[in-house]
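I opened a notebook for this structure and wrote down each thing as I looked it up. The entries follow the order of my reading.

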Amino acid sequence: MIANRQPDQQARTGPRKVVMTASYDAAAVAALADQQVSWQDKALPPAFWGRTVAEVLADKPRLSGLPTPLLTLSAPGLEHNVATMARWCAEHGVELAPHGKTTMAPALWASQLEAGAWAITLANVFQLGVARAYGVSRVMIANSVISPLQLRWIADELAADEAFEVTVWADSVRTVELLEAARAAYVEPGARQLDVLVEVGGKGGRTGARDAGTALAVGRAIADSSTLRLAGVAGYEGAIAHGADEAGLEHVRAYLRDLAEVHTRLQADNLYDADVVPVVSAGGSAYFEQVAEVLGPLGKSGARVVLRSGAYIAHDDGYYREVSPLGATPRTDGDRLVPAMHGWIRITSQPEPGLAIFDAGKRDLPFDEGLPEPQLLRPRSAGEAVSKLGGMTVTKVNDQHGFLAFEADGVAPLVIGDELRVGLSHPCTAFDKWGLIPVIDDPDADDPVVVDLIRTFF
């Protein structure tokens, strides 16, 4: 059932074991092409309903044949970003466990695993269920799991599949006690232990132990457990800063130094089992170069340093364009990431001078980290070319409408019926609005060809 398990070719330093990149069920991913599209897939017109994904793609449909509002992905952009991040991690001596919650798309996870990802990161057990349905062999749940029902299901998965690996997080002794109680009441003596990472937090952050004493107590509790195994240390630096100024970067570095110190003390106290290669993990899509700089040296003493970047696969024309280490103002070596997602909207009303209303809103496009950015006007008739837009701004969005402002004097630059491409900000709140996302061959073309349809599971 499990395909594509390949040895990790990256050279190691210190006592680290040779690892295997995670695998997935290639047949299950391929079978997504056999699913029929229907009225539930708002990205496709009624003419396509009742046909399989493969049948739709065989006709090489074009963007002009799809309705608005619409979210699309760029095939060359996705390919570039996946390859760029994989190469960057290899060159900087860190592993990558992309955060799959960004896309919740097994076909995109497959591309990341094929590029050498060590694991897929997820946020909860529902998402783990999607990963198991598509045979993902190694998953990090970047969260605490304390529901007895969910812990029993995880125990059953571990018992049924020796190749399956999963880690969860804990930031308090109470969490460890709940994990132990739920598992001890269910698993048989001698059953596989559940790997747990100590979660280290920071002031103003999200979850995570706020001081070294608490973190070390959590580590000791895990090590003393009969059904759990201490597997390393993790945290999330993205909640520590919100920008790329030097003060914010230093806050991130200070937090990462604290995280590294917890791992070093756990190691010094011999709390890791002899056969454990401890994971030290941080690194969203905004500060991964800081993680490699501060945590990377731990690899020399036997740790496996793992980034969990997720938004990089689509990048954006907003928040990540500005803060990514490989964005518009790069802070590290390597190719820049490119925006690989776009919105397509249609002008439906011009009720007053200087204002146009379009047909996309909060239920269609992301808005929490910046509003859509007008970029291109699509051809109004055959033979015309796309043209760049300027001098207009999206000022707000309602549930199903958006507001586009421009100079009120003179001739309006748009007419009702015009179709526009907009840049988007924040992939994590873009994918969740679409169950089926067209992938196009060239987002800058006059009429791009749809080359794939990506199914998401939210």
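Which residue stands opposite Val198 in S6? I found that Ala170 does. The model is predicted, so I kept its limits in mind: local features need pLDDT of at least 70, side-chain atom pairs count only at pLDDT 80 or more, and totals for chains, interfaces and linings use all residues. Residues are numbered from 1 along each chain as its sequence is written, and side-chain values use heavy atoms, with hydrogens and water left out.

**Entry: the sheet**

I looked up the strand order next. An open sheet of eight strands runs S2-S9-S8-S7-S6-S5-S4-S3, with parallel pairing. Strand S2 (95-96) and strand S3 (120-122) stand at the edges with a single partner strand each, so one side of each has no neighbour in the sheet. Strands (E, at least two residues) and helices (H or I, at least four) are DSSP runs, numbered from the N terminus. Two strands pair if DSSP finds at least two bridges between them.

**Entry: around S5**

I then followed S5 (residues 165-170), where five of the six residues are buried; buried means under 20% relative accessible area, exposed over 50%, and partly exposed in between (1.4 Å probe, protein chains only). S5 pairs in the parallel sense with S4 (residues 138-141) over three bridges, and Met140 has Thr167 of S5 as its bridge partner. S4, helix H6 (residues 148-160) and S5 make a right-handed β-α-β unit. Right-handed means that, with the strands pointing away from the viewer, the path from the first strand over the helix to the second runs clockwise. S5 and S6 pair in the parallel sense over four bridges.

**Entry: Glu199**

I checked Glu199, which lies in strand S6 (residues 194-199). Glu199 is buried but has no salt bridge, and the nearest side chain of opposite charge, Arg206, is 6.0 Å away. Lys and Arg count as positive, Asp and Glu as negative, while His and the chain ends are not counted. A salt bridge needs a side-chain nitrogen of Lys or Arg within 4 Å of a carboxyl oxygen of Asp or Glu.

**Entry: salt bridges**

How many salt bridges does the structure hold? I read off 24. In one of them, Lys42 meets Asp364, with the closest N and O atoms 3.0 Å apart. This pair links distant parts of the chain, 322 residues apart. Lys42 is partly exposed at 37% relative accessibility, whereas Asp364 is buried at 4%.

In helix H9, I noted that Arg253 and Glu250 are three residues apart, about one helical turn. Their side chains form a salt bridge (3.0 Å, N to O). Glu250 also forms a salt bridge with Arg257 (2.6 Å, N to O). Arg257 is partly exposed at 41% relative accessibility. Shared partners join Glu246, Glu250, Arg253 and Arg257 into one network.

**Entry: the cores**

Last, I looked at the largest nonpolar core, which has 129 residues; Leu194 and Leu295 touch the most other members. Helix H9 (residues 246-268) gives the largest share, eight residues. A second, separate core of 11 residues includes Trp118, Ala119, Trp169 and Ala231. Such a core is a set of buried Ala, Val, Leu, Ile, Met, Phe, Trp, Tyr and Cys residues joined through side-chain atoms within 4.5 Å.
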